[in-house]
Amino acid sequence: MMKLNNTLKNILAIAMCLSLVAVSTFFYTPKASAESVDQLKEKYSSLEQKVSDSEKRISELEKEKAGQEKIIDALNQQLSQLSEQLENIQSQKQGVSAQIDEAEAKIADLNSQIDQLNADIEEKNQEIDATVQLFCQRMRANYMAGDTTILEMFTNSSNVANFLNRVELFKRVTQSDQKLVDDLNDEIASIEAMQKQLEESKTELQGQKVVLEGKKSDLQVVENELNSTQESIEAKSAEVEEKLKSINYETQELNVSVEEYNETMESLERQIQNAINNAKKASQNNSGSNSSSDKIINGNVSGGWMWPVPDSTSYVSSSYGYRSDPATGVTKYHSGLDITCSAAYGKPLVATRAGTVILTDYMSGGYGNYIMIDHGDGFVSLYGHCSSLAASYGQYVKQGQVIAYIGASGYATGPHVHFEIRYNGEKVNPYNYISKG
Ligand SMILES: [Zn+2]
């Protein structure tokens, strides 16, 4: 054996120190990646916030949409009432128009009768003219015989009325001519009486037509009013439809964003997992640090997995899979089992299997205070909403070891543990592995 002198011992001590520095530098690397894990988690949290904001906005938009749809319904009801009223007015108008047409036809008929009577009068007048001419010829013959006074009177008469008056004076001159003229005169008078009667009927009909036209124009006014009301309702309807379109558009955009956020969050989760796995490899060297004070509870083990809540009153309050969100009522995927028990707050949670703590964290919007244990064969278990944690990052824990205490941190409606099992990064149904026993 070599005997070392003091100088050599000092050199060795320094060398060991240097190698410790080297080792601690080696261990620092995962810490650096742990910092980037923090950054990833920060990004994750901000996306969670964005998702929650978007969902809030979507639900606001849905309410707004329901309101606008109610307005549309009311407007449509008004429109159908209006179109009923319009139909009624239009049929009334049609009735009045038919009556006007009838009156016009009657008036036209009367006019043609009146025209006929005028023609009759004209004919009678011509007959009178012919009689007068004949009379004049006879008078001229008389003149040739010497009677001048009568001739002058007759040659100066320019119309029938004058003539008829004068004829009165000459009754005695020619009885037969007088008789003829009187008969014609009587006929003209009876024709004129008929004409007068027809004119009266025509006036009466025209009066009725005026009344009907007044009625028609009143109806037209009502129709115009109804039409303009209809137009304004239709304009309002179009406005609401436009609003609905923009609400639908915004909702669609938000849904697309939420989908994108969720995809990014999933990728971030994988990145976090990878960064943690890298960190874990280096920190496993620290895993022998279990102290003898670590509390182990003998719980229900089945198939190598222990039920994470050892309290005898424990029960599952929400299963894995799709469920109605207890806070919002919206159907969502639930990624684990919610387990609680009587007076759950502060009751211990145990490691379902032995493994290494690969993550202890706080997420305000989701898991709250949570811890993840890697069991080394692709399985990782997660315990969320804890009130406090009893194991730390990088620590190796035994099955049944108390790792945390039940709480309601993060997104939780009451004290419970949100328990997840992941296999190769995928969230799986814990019931496939654990049972309360
Ligand atoms: Zn849960």
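**A walk through the model**

Leaving aside its neighbours within four places in sequence, G437 is in contact with N300, S302 and W307, where two residues are in contact if their C-beta atoms, placed from the backbone, lie within 7 Å. This is a predicted model, in which local features need pLDDT of at least 70 and side-chain atom pairs count only at pLDDT 80 or more, while totals for chains, interfaces and linings use all residues. Residues are numbered from 1 along each chain as its sequence is written. G437 counts as exposed because it has 9 C-beta neighbours inside 10 Å; a residue is called buried if 20 or more other C-beta atoms lie within 10 Å of its own, exposed if 12 or fewer, and partly exposed in between, with C-beta atoms placed from the backbone.

For the chain as a whole, the secondary structure comes to 4 helices and 15 strands, where helices (H or I, at least four residues) and strands (E, at least two) are DSSP runs, numbered from the N terminus. Of the 437 residues, 21% count as buried. Among the contacts with a separation of 6 or more, 71% are between residues 24 or more positions apart.

How far can the model be trusted? The predictor's confidence in each residue, from 0 to 100, is called pLDDT, and its mean over the chain is 81, with 80% of the residues reaching 70 or more. Over residues 1-35 pLDDT stays under 50, and the model has 11 contacts beyond four places in sequence for them. Residues 285-292 also have pLDDT below 50, and this stretch has 8 contacts in the model beyond near neighbours in sequence. Where pLDDT is low, the predicted coordinates should not be read in detail.

The strands can be followed next. Strands of a sheet pair through backbone hydrogen bonds, either parallel or antiparallel, and two strands are said to pair here if DSSP finds at least two bridges between them. Strand β8 (residues 355-363) pairs in the antiparallel sense with strand β9 (residues 368-374) over 7 bridges, and these two strands form a hairpin with 4 residues between them. Within this pairing, T356 has D374 in β9 as its bridge partner. β8 also pairs, again in the antiparallel sense, with strand β12 (residues 396-397) over 2 bridges, where G355 stands opposite V397.

Another 3 strands form an open sheet in the order β7-β13-β11, with antiparallel pairing. Its edge strands are β7 (348-350) and β11 (388-389), each of which pairs on one side only. β7 is joined to strand β13 (residues 402-405) by 3 bridges, and V350 has V402 in β13 as its bridge partner.

What lies in the largest nonpolar core? A nonpolar core is a set of buried Ala, Val, Leu, Ile, Met, Phe, Trp, Tyr and Cys residues joined through C-beta atoms within 7 Å, and the largest one has 41 residues, those with the most contacts inside it being L349, I371, I373, Y383, C386, I403 and A404. The largest share of this core, 4 residues, comes from β9. I373 has contacts, beyond its neighbours within four places in sequence, that include V357, I358, V397 and I403. A second, separate core of 6 residues includes V132, V181, L184 and I188.

Two loop residues complete the picture. Most residues other than glycine have a negative phi, and most peptide bonds are trans. H385, in the loop between β10 (379-384) and β11, has a positive phi of about 65 degrees although it is not a glycine, and H385 counts as buried because it has 26 C-beta neighbours inside 10 Å. N424, in the loop between β14 (417-423) and β15, has a positive phi near 50 degrees, but N424 is exposed, with 9 other C-beta atoms within 10 Å.
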